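Please read these points with the sequence and the model open side by side. Each one takes up a feature that can be found by residue number.

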Amino acid sequence: MNPIWIVAQREFLTRVKKRSFLIMTLLGPLFFGLLMVAPALLASLPEGPKKLLVVDHSYLLVGEKGMEDVVYEFLKPTPEALANGKEILESNAEFDGLLYLPPSENNDPDYILKNAKLFSLEDLPISLMAGVEDQLEQKAYEQKLRLEGVDPEVVKRAETNARLTSVLMGDAGEEENSPAEFKMILGLAAGYLIYIFVFLYATQIMRGVIEEKTSRIVEVIISSVKPMQLMLGKIIGIAGVGFLQFVIWVGLTAALYVGLSATLLADAFNPETIAQMQAQPETGGMAAEALSALQSINYPLVLTSFLFYFIGGYLLYGALFAAVGSAVDAESDTQQFMLPLTLPLVLTFILATSIMENPHGPLAVALSMIPFSAPIAMMIRIPFGVPWYEVAASMSLMVLGFLGTVWIAGRIYRVGILSYGKKPTYADLWKWIRMKP
């Protein structure tokens, strides 16, 4: 049997037989699901309403009792009201803050907003601050209208919202396009998963190489296996682990989706239900739009692309991490090499917003063609529709990038795996790459 496959089989079976693999494989989807849902659940936990004392010399908030999560209690706007309010706030834990609105000058609402203050003994939630600011802005707006002789109710009835439907024109005819928000969420989620998986499995390769090198086991192994074969075997073996885990996760997710669709979501995805929701007010229309968008996504294309860029990104970075692991004697010595390796993926993730805003722009196209950034950049673009020739070019460059990376990493690996006692520099790595076999 080819030595590469022997090493790959060993790496695969060693990791698959671990109890941690089974636990992570079965509980992984649940863990990631909770990771995404937990912040929203925690944010939605009911809290008691905040209570604010209000000293309103401007009478801008006359008749207002507060908002959904804020209750106002007014003090009579006397000259000493502000001082009294501060004393009450300091001595009474019942109140969370003191809102002060100064007298207006020349009936100018802008003066009130610029000089309004909110006193508190500790930092208040940002949402509370934003809510109070929005309410004050709305009240000042209405007061300005009254000063101009305009009834605010008339203006409110005249307000309307525009909502464009995106329609794609192609050879197959016109097709209603799903909202960009859903494409952004899907693309960003796929890019994030690749970002996490690539580092997770590539780091496993690096740690495995360092462990074998420091324990001197590698000296025995390379007596019968060439360094390049050992490196490729490790990469392929751990790739098999990642692929198996990915397939199981997809299967569990698909089973969960089918089960929910057949039971809990059967009525929700019914065309008649969607039509009824669209005929309802704005909330119903938005919910129907969300369901239609979920149905319109080309999941096979997204899944196939994700699988390719997941494997391609892993193989490319796995080879580089293996080279780094072979060059050092301890994991702490890898820090000097990690920044150049991780920078392309990190930078692409930082630029994700720019890619989503203009998925067909020069920046997005360029990043999706560079093998080191393509796994994230292209997955963000895929839901928006990418021409087939750009996908083909990106995948071709990805394969060529992997082959070139393996060649460079193999030259570093064959020398570094037997080098001990000296922290390597970039000059040493360049020397090893140029060294003749």
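1. Aromatic pairs come first, and they need a rule. Rings of Phe, Tyr and Trp (its six-membered ring) pair if their centres lie within 6.5 Å; planes under 30 degrees apart are called stacked, over 60 edge-to-face, and the rest tilted. By this rule there are 14 aromatic pairs. One of them is Tyr 195 with Phe 349, a stacked pair with 5.1 Å from centre to centre and 25° between the planes. Tyr 195 belongs to helix α7 (residues 180-214) and Phe 349 to helix α13 (residues 335-350), so the pair links distant parts of the chain, 154 residues apart.

2. A word on the source. This is a predicted model, in which local features need pLDDT of at least 70 and side-chain atom pairs count only at pLDDT 80 or more, while totals for chains, interfaces and linings use all residues. Residues are numbered from 1 along each chain as its sequence is written, and side-chain values use heavy atoms, with hydrogens and water left out.

3. The chain as a whole. It has 18 helices and six strands; helices (H or I, at least four residues) and strands (E, at least two) are DSSP runs, numbered from the N terminus. Of the 437 residues in the chain, 39% are buried. Buried means under 20% relative accessible area, exposed means over 50%, and partly exposed lies in between (1.4 Å probe, protein chains only). The chain exposes about 25400 Å², of which carbon and sulfur atoms supply 63%; these areas come from the Shrake-Rupley method with a 1.4 Å probe, and for residues only the protein chains shown count as cover. A contact is a case of heavy atoms within 4.5 Å. Among contacts between residues at least 6 apart in sequence, 67% join residues at least 24 apart.

4. Phe 349 is partly exposed, at a relative accessible area of 26%. In another pair, Phe 337 and Tyr 426 have ring centres 5.2 Å apart and planes at 75°, so this pair is edge-to-face. Phe 337 lies in helix α13 and Tyr 426 in helix α18 (residues 426-434), so the pair ties together parts that are 89 residues apart in sequence. One aromatic cluster is formed by Tyr 192, Tyr 195, Phe 199, Phe 321 and Phe 349.

5. Helices α12 and α16. Two packed helices are described by the angle between their axes and the distance between the axes. The axes of α12 (residues 299-327) and α16 (residues 374-381) come within 9 Å and cross at roughly 170°. Axes here are lines fitted to C-alpha atoms, for helices over the stretch in contact, and angles run from 0 to 180 degrees between N-to-C directions. Angles under 35 degrees count as roughly parallel, over 145 as roughly antiparallel, 65 to 115 as roughly perpendicular and the rest as oblique; α12 and α16 are therefore roughly antiparallel. Val 302, Ser 305, Phe 306, Tyr 309 and Gly 313 in α12 meet Ala 374, Pro 375, Met 378 and Met 379 in α16. These contact residues comprise seven nonpolar, two polar and no charged. Ala, Val, Leu, Ile, Met, Phe, Trp, Tyr, Cys and Pro count as nonpolar, Asp, Glu, Lys and Arg as charged, and the others, Gly among them, as polar. In α16, eight of its eight residues are buried.

6. Helices α17 and α18. The axes of α17 (residues 388-416) and α18 come within 8 Å and cross at roughly 105°, and the two are therefore roughly perpendicular. The contact has seven nonpolar, one polar and three charged residues.

7. Tyr 59 has a positive phi of about 60° although it is not a glycine. Tyr 59 sits in the loop between β1 (50-56) and β2 (70-75) and is exposed, at 52% relative accessible area. Arg 15, in helix α1 (residues 3-16), is buried at 16%. Leaving aside neighbours within four places in sequence, Arg 15 is in contact with Phe 21, Gln 204, Ile 238 and Val 241. Phe 243, in helix α9 (residues 227-262), is partly exposed at 36%. Phe 243 and Phe 310 are 67 residues apart in sequence and 9.0 Å apart in space, C-alpha to C-alpha.
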